[in-house]
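Below are some notes on the model you sent, in numbered points.

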Amino acid sequence: MLRIECPCCGLRDHDEFRYGGDASVTRPAHDDPDPQAWYAYVYLRTNPAGPHREFWQHVIGCRQWLVVERDTRNHAIASVDFARKLPPRKSLARKSPA
Ligand SMILES: [Zn+2]
C-alpha cells in the first residue's frame with residue numbers, strides 16, 4: 001500500500017488522498033491563442049519509468065494540495081511538499097517573435 005507523509009497530518013494511507021495529476025505540466029498563459037500549447041497541456045503526458053512529480057490532495061485530512069515525487073517503478077516516495085510553495089508558473093509554450 002502506498003503511504004504518503006502529509007506535512008500537516010503525518011504518515012497516512014493513500015486512500016485518504018486524491019490523485020490530482022502530473023505536477024510537471026506547465027499551463028499556457030490564460031490568453032495564449034496557440035492551440036498546440038493548449039493541446040499539449042490538456043492531452044500530452046509522458047509516462048516515465050522512474051521519478052515523477054504528482055499533485056495529491058489530502059481530502060480526508062487537512063485538504064491541502066501536495067506535490068509528491070514518487071518513483072513509478074516501486075512507488076517509493078522521495079519527497080512531499082505543499083503545492084502552494086511552488087513558484088508561480090510561466091508559460092514556456094509561447095515564444096516572442098525574434
Ligand atoms: Zn494532511
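1. Two residues count as in contact here if their C-beta atoms, placed from the backbone, lie within 7 Å. On that basis, and leaving aside residues up to four places away in sequence, Val 68 touches Ile 4, Glu 54, Trp 56, Ile 77 and Val 80. Please keep in mind that this is a predicted model.

2. Which residues form the largest nonpolar core? There are six of them: Ile 4, Cys 6, Phe 17, Trp 56, Leu 66 and Val 68. At least two residues of this core come from strand S1 (3-6), and at least two from strand S5 (65-71).

3. The side chains of S5 alternate along the strand. Leu 66, Val 68 and Arg 70 point to one face and are buried.

4. Is Val 67 buried or partly exposed? Buried would need 20 or more other C-beta atoms within 10 Å; Val 67 has 19 and is therefore partly exposed. Its contacts, not counting residues up to four places away in sequence, are Ala 23, Arg 53, Phe 55, Asp 81, Ala 83 and Leu 86. Val 67 and Gly 20 are 47 residues apart in sequence, with a C-alpha to C-alpha distance of 9.3 Å.

5. On one side, S5 is joined to strand S4 (residues 51-57) by seven bridges, and the two run antiparallel. Within S5, Leu 66 has Trp 56 opposite. Five bridges join S5 to strand S6 (residues 77-82), again antiparallel. In S6, Ser 79 stands opposite Glu 69, and Phe 82 stands opposite Leu 66.

6. The hairpin of S5 and S6 has five residues between the strands. In this hairpin, His 75 takes a positive phi near 65°.

7. What is the order of the strands in the open sheet? The four strands follow the order S3-S4-S5-S6, with antiparallel pairing. Strand S3 (18-22) and S6 are at the edges with a single partner strand each, so one side of each has no neighbour in the sheet. Direction ignored, neighbouring strands of this sheet are turned by 30° against each other on average.

8. For the chain as a whole, there are one helix and six strands. From the N terminus on, the elements run β-β-β-α-β-β-β. Buried residues make up 8% of the 98 residues. Of the contacts with a separation of 6 or more, 54% are between residues 24 or more positions apart.

9. The pLDDT averages 89 over the chain, and 89% of the residues score at least 70. Over residues 91-96 the pLDDT is below 50, although this stretch has 15 contacts in the model beyond near neighbours in sequence. Where pLDDT is low, the predicted coordinates should not be read in detail.

Technical notes
Residues numbered from 1 in each chain as written. Predicted model: local features only at pLDDT ≥ 70, side-chain atom pairs only at ≥ 80, totals over all residues. Core = buried A, V, L, I, M, F, W, Y, C linked by C-beta atoms within 7 Å. Buried ≥ 20, exposed ≤ 12 C-beta atoms within 10 Å, placed from the backbone. Pairing = 2+ DSSP bridges. Axes fitted to C-alpha atoms, helices over the stretch in contact; angles between N-to-C directions. pLDDT = per-residue confidence, 0-100.
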